[in-house]
Amino acid sequence: MISKHIAFTALLLTGATLRLSAKDYYMAPDGNDTHAGTLAAPFATIQRSQESVGPGDTVFIRGGLYRMSTAQVSRKMRNRALVNVLEKSGKPGRPIQWFAYQDELPVFDLSDVKPPGMRVTAFHVSGSSNHLRGISVTGVQVTITGHTQSICVDNEGDDNTYEALRMHDGQAIGFWLGRGSNNLVLNCDAYRNHDRTSENKRGGNVDGFGFHVPPGSKNNVFRGCRAWFNSDDGFDLITTHESLLIENCWAFYNGFDPEFKSLGDGNGFKLGGYGIDGGELPAVIPRHVIRRSLAVRNKAAGFYANHQPGGIDFIHNTAYLNPTSFNLLGRNAAHTQDVPGYGHKMKNNLGYKARTEVSNLNEDLCDISSNSFSLKLEFSDNDFESLDLAELVTPRKPDGSLPDIRLMHLKAGNPAIDQGVDLGLPFTGKAPDLGAFEKVKPR
């Protein structure tokens with residue numbers, strides 16, 4: 001029998017061997033693909049870097065502008081032009097890492113990538129066990145005038161992590177999860193994206209984050225992400241066959257351009273829905289969970305069930321200044337007629353200063369308790385530490401997490417303090433507070 005000491009030593013040696021076998025590569029805007037990929041002699045492109053990497057390796061991407069051209073389209077699939085394609089896979093515990101170098105910001109600008117009649121995808125990740133961190137994607141174009149979509153970052157692999165990405169100022173959807181399991185989208189921002197080319201030019205298909213997966217794509221999470229000034233919705237989960245967890249995310253100003261001109265639908269979180277004919281219904285309707293999230297001044301609803309049959313879990317969320325805080329609109333079992341939403345679980349949510357706090361809700365067919373609207377709580381501006389919307393776009397913390405803000409945090413004496421039910425999430429005081437932000441009470 002092998003002793004614990006020998007086994008532990010073997011484990012340490014194995015870990016050391018794995019670390020020694022991992023390689024670091026570098027790329028830079030002034031690099032050259034004929035180089036060795038070292039810090040002193042970096043590569044120039046993602047595709048050349050991918051030729052060299054394997055499980056456990058890291059590509060450090062130097063800061064600066066990577067101005068892409070149509071000639072750099074790596075692959076064409078049907079009507080899609082895929083510019084950067086990450087098809088290699090890491091292994092469990094040994095992902096392929098694509099990291100911004102130190103605190104530098106690499107910016108991939110696709111303003112000049114305009115393949116006629118094709119949808120553009122800036123980063124297409126079909127490989128698994130990849131980790132992308134600290135990359136900015138901007139200027140992604142639309143070249144089709146009919147129904148279409150371009151995408152900044154598109155996932156089809158498993159076990160991938162997307163961290164601290166910025167997807168902005170283009171005509172494309174920010175992040176699209178179209179296939180794959182066990183993927184984490186962490187601390188990413190999608191903003192000022194508006195399709196000014198196709199259909200009615202209002203950008204009715206450009207969301208900050210999209211989740212639209214087939215059966216079998218399980219255990220995916222969006223956490224710590226922000227979406228603002230996207231011409232359609234902040235987060236869109238329409239026509240998907242598996243559930244998603246959205247946690248600690250913010251959606252604001254969606255459906256508007258930066259001058260608040262009205263554009264697309266404009267929901268903060270569009271959390272489900274299928275075609276009216278029922279033909280697209282999955283065998284088991286997925287049950288999404290959204291918790292500790294914030295929706296502010298979106299064009300339509302802060303949180304929208306979008307005809308989802310079955311139900312969604314709304315836990316500890318805050319809506320402020322949306323026309324409707326929570327719109328629970330559903331469809332009947334045959335999926336042929338709109339009905340008030342049923343099957344929803346709504347606990348510890350808070351809404352303020354909407355024209356309608358909650359709409360299209362069948363309370364008798366839902367699990368509802370301890371929400372500001374069900375408790376009929378009344379608030380004033382003085383009940384909150386801040387109502388300054390400028391806080392929403394303050395810089396993230398050095399670790400990439402959301403900034404500390406005071407907006408919509410409960411001030412002492414707020415009637416929502418200690419009015420929640422215990423759902424197993426951390427809280428202070430006698431009971432949980434309502435909304436996304438727990439007030440820390442003095443001990």
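Mentor: A residue counts as buried under 20% relative accessible area, exposed over 50% and partly exposed in between, with a 1.4 Å probe and protein chains only. The model is predicted, so local features need pLDDT of at least 70 and side-chain atom pairs pLDDT 80 or more, while totals for chains, interfaces and linings use all residues. Residues are numbered from 1 along each chain as its sequence is written, and side-chain values use heavy atoms, leaving out hydrogens and water.

Trainee: What radius of gyration does the chain have?

Mentor: The C-alpha atoms fill a box of roughly 65 × 65 × 45 Å along the principal axes. The radius of gyration is taken over C-alpha atoms, and the globule rule is 2.2 Å times the number of residues to the power 0.38. For 443 residues a compact globule would come near 22 Å, which agrees with the value for the chain, 23 Å.

Trainee: Which residue is the bridge partner of D154?

Mentor: Strand 11, residues 151-155, runs parallel to strand 14, residues 173-177, and the two pair over four bridges. The partner of D154 lies in strand 14 and is W176.

Trainee: How far is the C-alpha atom of M77 from that of R119?

Mentor: M77 belongs to strand 4, residues 75-77, and is partly exposed because its relative accessible area is 25%. Along the chain M77 and R119 are 42 residues apart, yet their C-alpha atoms are separated by 9.7 Å.

Trainee: What is the phi of K201?

Mentor: K201 sits in the loop between strand 16 (189-191) and strand 17 (209-211), and its relative accessibility of 48% is why K201 counts as partly exposed. D159, in the loop between strand 11 and strand 12 (161-163), is not a glycine but has a positive phi of about 60°. K201 is not a glycine either, and its phi is positive, at about 65°.

How values were computed:
Two strands pair if DSSP finds at least two bridges between them.
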